[in-house]
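Work through the following exercises on the structure shown below, and compare each step with the worked solution.

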Amino acid sequence: MNTQLLDGAAGIEQAAALLAAGQVVALPTETVYGLAGHALNAEAAARIFEAKERPFFDPLIVHLPSLDWLGRLTLAADDVLVRRLIEAFWPGPLTLVLPRRAVVPDIVTSGLATVAVRISAHPLFRAVLGRFGQPVAAPSANRFGRISPTAAEHVFEELNGRIPLILDGGPCAVGVESTVVAVREGALEILRAGPVTAEELGAYGEVVFPRAGSGIEGPGQMQSHYAPGTSLRLLSRIGESDSWQGEGRAGLLAWSRAERPAQFAAMEVLTPRGDSREAAARLFAAMRRLDGLGLDVIVAEPPPGGGLGAAIGDRLRKAAGGR
Ligand code: TXA
Ligand code: MG
């Protein structure tokens, strides 16, 4: 299959036409690029799993074209807490896990009684859904277990030859995947840390984290995920790289510094100005660049706490395989 890269009006038109034909297309969102297919068409959803080599036990996020779809796909449209969260954070990087209606195919939810939904704020994504008029299932547009794509070129590296179209919207503004929250009996259970922080969510309800050993609900919670091919070591504090002595050629994924310590063959600086938003937007591209250098190890400094630091720390721990 020939993979086309398009932008602008022609790209939007073509993406909507392919979705209507049951095909899958890569679309930019504010977080990462998604691999989209008609959410109510089980065959289209199956194509997503196939292109990504994603196991069927890992459910997909359904992206809504508009708010009226919430009541058609879930049983929570009148829930007061859900309404307040939506008012505060949609469109945007918050995914809600809610009791679902039967119209959502089992393949999309991996047979769970819940469905994950969000509305993206990205203008191109919204334009495609506006034209298509149906919800799309869209996981990140990478092969399973690999680094999420934050630019059209990354999607091309991951899925060239497997999908007909990548809609190029330039680099993603946020850079880490949406916060995934299950709303259960008035409590907010954070299943995946993300751009909407626990501090922000705390203003709306009691925030809980999944109990250890409560079972994996989705691979977003697996210990090894979002991983580069090169093994990654997460340091315990910023600056610890100065004392790092390892074997072989090492690259440093630095939080914020100007000079490269002599023991590192390469370095990427996440945020020269020390801002976690900037770091999040650059994280996956920087990991991808270091991964492409054939190093023996990538050594990463942890983010400072607070704000997007929690989501970045979560992705780095997963890239390190839980080590
Ligand atoms: O920002 C994002 O969320 C991006 C863009 C494309 O929207 N999408 C994304 O999708 O990151 P994906 O499939 O890579 O991650 C979705 C996460 C997975 O960890 C999955 O297990 C979890 O959401 N998930 C989906 N449905 C669920 C459900 N019903 N219950 C619990 N977890 C669910
Ligand atoms: Mg993913």
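**Exercise 1.** Determine which strand gives the most to the shell around ligand 1.

Solution. In this predicted model, where local features need pLDDT of at least 70, side-chain atom pairs count only at pLDDT 80 or more, and totals for chains, interfaces and linings use all residues, S6 gives the most, with three residues. Residues are numbered from 1 along each chain as written, chains are lettered from A and ligands numbered from 1 in written order, and side-chain values use heavy atoms, without hydrogens and water. Strands are DSSP runs of E with at least two residues, and helices are runs of H or I with at least four, both numbered from the N terminus. Strands S4 (61-63), S6 (114-118) and S10 (187-192) each supply at least two residues of this shell.

**Exercise 2.** Describe the surroundings of ligand 1 and its polar contacts.

Solution. Begin with the shell: 26 residues surround ligand 1, the closest being Thr31, Arg54, Asp58, His63 and Ser178, where a residue counts if one of its heavy atoms lies within 4 Å. Next, take the polar contacts (N or O atom pairs within 3.5 Å): oxygen atoms of ligand 1 lie 2.6 Å from a polar side-chain atom of Thr31, 2.7 Å from a side-chain N or O atom of His63 and 2.5 Å from a polar side-chain atom of Ser178. Finally, of the 680 Å² that ligand 1 exposes when taken alone, the protein buries 97%, with areas from the Shrake-Rupley method and a 1.4 Å probe.

**Exercise 3.** State how much of the chain is buried.

Solution. Taking buried as under 20% relative accessible area (protein chains only), buried residues make up 56% of the 323 residues.

Key. A polar contact is a pair of N or O atoms within 3.5 Å; within protein, one must be able to donate a hydrogen and the other to accept it, and residues adjacent in sequence count only if both atoms are side-chain atoms. Buried means under 20% relative accessible area, exposed over 50%, partly exposed in between (1.4 Å probe, protein chains only).
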